[in-house]
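This report describes selected local features of a predicted model. The sequence and structure are shown first.

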Amino acid sequence: MKKDFYEILGISKNATAEEIKKAYRKKAIEFHPDKNPGNKDAEENFKKAAEAYEVLSDPNKKAKYDQYGHAAFDGNGGFGGGGGMNMDDIFSQFGDIFGGGGFGGFGGFGGGGGQRRMKGSNLRIKVKLTLDEIANGVEKKVKVKRKVQAAGVSYKTCGTCNGSGQVLRVTNTILGRMQTATTCPTCGGSGQSISSKPANADAQGMVLEDETVSIKIPAGVVNEMQLKVSGKGNDAPGNGIPGDLIVAIEEVEHEFLKREGENLHYDLYISVAEAALGVSKDIEAIGGKLRIKLEEGIQSGKILRLKGKGIPNLNSYGNGDLLVHINVWTPKKLDKEQKEFFEKMLTNENFIPNPEKSDKSFFEKVKDMFS
């Protein structure tokens, strides 16, 4: 079972943004690869801390995590969370945490003072899904415009930072001499500058290209959930790593079914005669029509629960239910013969309301729905 993000950083759910940042910085220093060379456990803890920080430092992601837990970010590469992050991802995204001389003699950005690899910018798109697609899972192919390195572009080592992507500055303070690292102003942190490029490339040696990306979406996703497709964002100059494609889920409203978490609701309207005599009816359900049988004398407001006919749980804990709400339709106009019939029934004992204890009130039914 995946460890809780708050537990990984050693903080409470009420921690402030500053406390979250401070806790992550402490863990990052403890498990930094330069401090623990060759230690795979330390590297794994370093990645876990970065994943936890990426989610908890973002107010929107933190709110989703507090509500859904890991279900909000797990699956198919992570829904906007840090799942699958590599060391380049971490140093690229959270370099400010390691800056300011806080790592003393550490190499700073990624492995013993080696060249820093820039990460390209992320791309964001929306994908619309029907309830059927959400219930069954689906693979979508989308066309995206990505910045990629142009054919024929060549790079050379930046002369200002000698390929490190950083410029070191030494300042004198009351505590002594302090060394800080800032992004190289010449190469923008890539460690490389362009030596030659084709005429159609931009200043960074990039061109726009269309690419069809296949996205596997698991069953049970929710509206506004984000899916991360690693490496399908914009390329970075030189030896950098591509950004990611962030896919926001947009749920298309169903004409008849209403979703509530993993449960579905359907309003079934029947006539007075159908309610009195009982009848078989076709109702809307995931995957098509579903036939159900109504007992004679069924009351308006009754809720029929069809187990397992709802939306699958994202963590494979089974399916929700389909709740069928019975509504007895009262005719608004009657002809003479119909009117005479119902007038006779006004004094008929069988037509006088006589609810049994088992017939729950509206408020009791609502309470049962949410319990």
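## Strand pairing and a packed helix

The bridge partner of valine 229 is leucine 245, a residue of strand 9. Strand 9 comprises residues 245–251 and runs antiparallel to strand 8, to which four bridges join it. Both strands belong to an open sheet of three strands, ordered 1-9-8, with mixed pairing. Strand 1 (123–129) and strand 8 (226–229) each have a single partner strand and stand at the edges, so one side of each lacks a neighbour in the sheet. On average, and with direction ignored, neighbouring strands of this sheet are turned by 30 degrees against each other. In general, the strands of a sheet pair through backbone hydrogen bonds, in either parallel or antiparallel fashion.

The second topic is helix 4, which spans residues 59–68 and has Lys61, Lys62 and Tyr65 as its buried residues. Viewed down the axis of helix 4, these buried residues fall within an arc of 100 degrees, so they line one face of the helix. They pack against helix 1, helix 2 and helix 3, whose residue ranges are tabulated below.

| Packing partner of the buried residues of helix 4 | Residues |
|---|---|
| Helix 1 | 5–9 |
| Helix 2 | 17–31 |
| Helix 3 | 40–56 |

The face turned away from the buried side of helix 4 carries the exposed residues Pro59, Asn60 and Gln67.

Both ends of the helix can also be described. At the N-terminal end, aspartate 58 caps helix 4, with a side-chain oxygen 2.9 Å from the backbone nitrogen of asparagine 60. Helix 4 is followed by glycine 69, which has a positive phi near 70 degrees.

Notes
Residues are numbered from 1 along each chain as its sequence is written. This is a predicted model: local features need pLDDT of at least 70, side-chain atom pairs count only at pLDDT 80 or more; totals for chains, interfaces and linings use all residues. Side-chain values use heavy atoms; hydrogens and water are left out. Buried means under 20% relative accessible area, exposed over 50%, partly exposed in between (1.4 Å probe, protein chains only). Helices (H or I, at least four residues) and strands (E, at least two) are DSSP runs, numbered from the N terminus. The arc is that of the directions from the helix axis to the C-beta atoms. Contact means heavy atoms within 4.5 Å. A polar contact is a pair of N or O atoms within 3.5 Å; within protein, one must be able to donate a hydrogen and the other to accept it, and residues adjacent in sequence count only if both atoms are side-chain atoms. Two strands pair if DSSP finds at least two bridges between them. Axes are lines fitted to C-alpha atoms, for helices over the stretch in contact, and angles run from 0 to 180 degrees between N-to-C directions.
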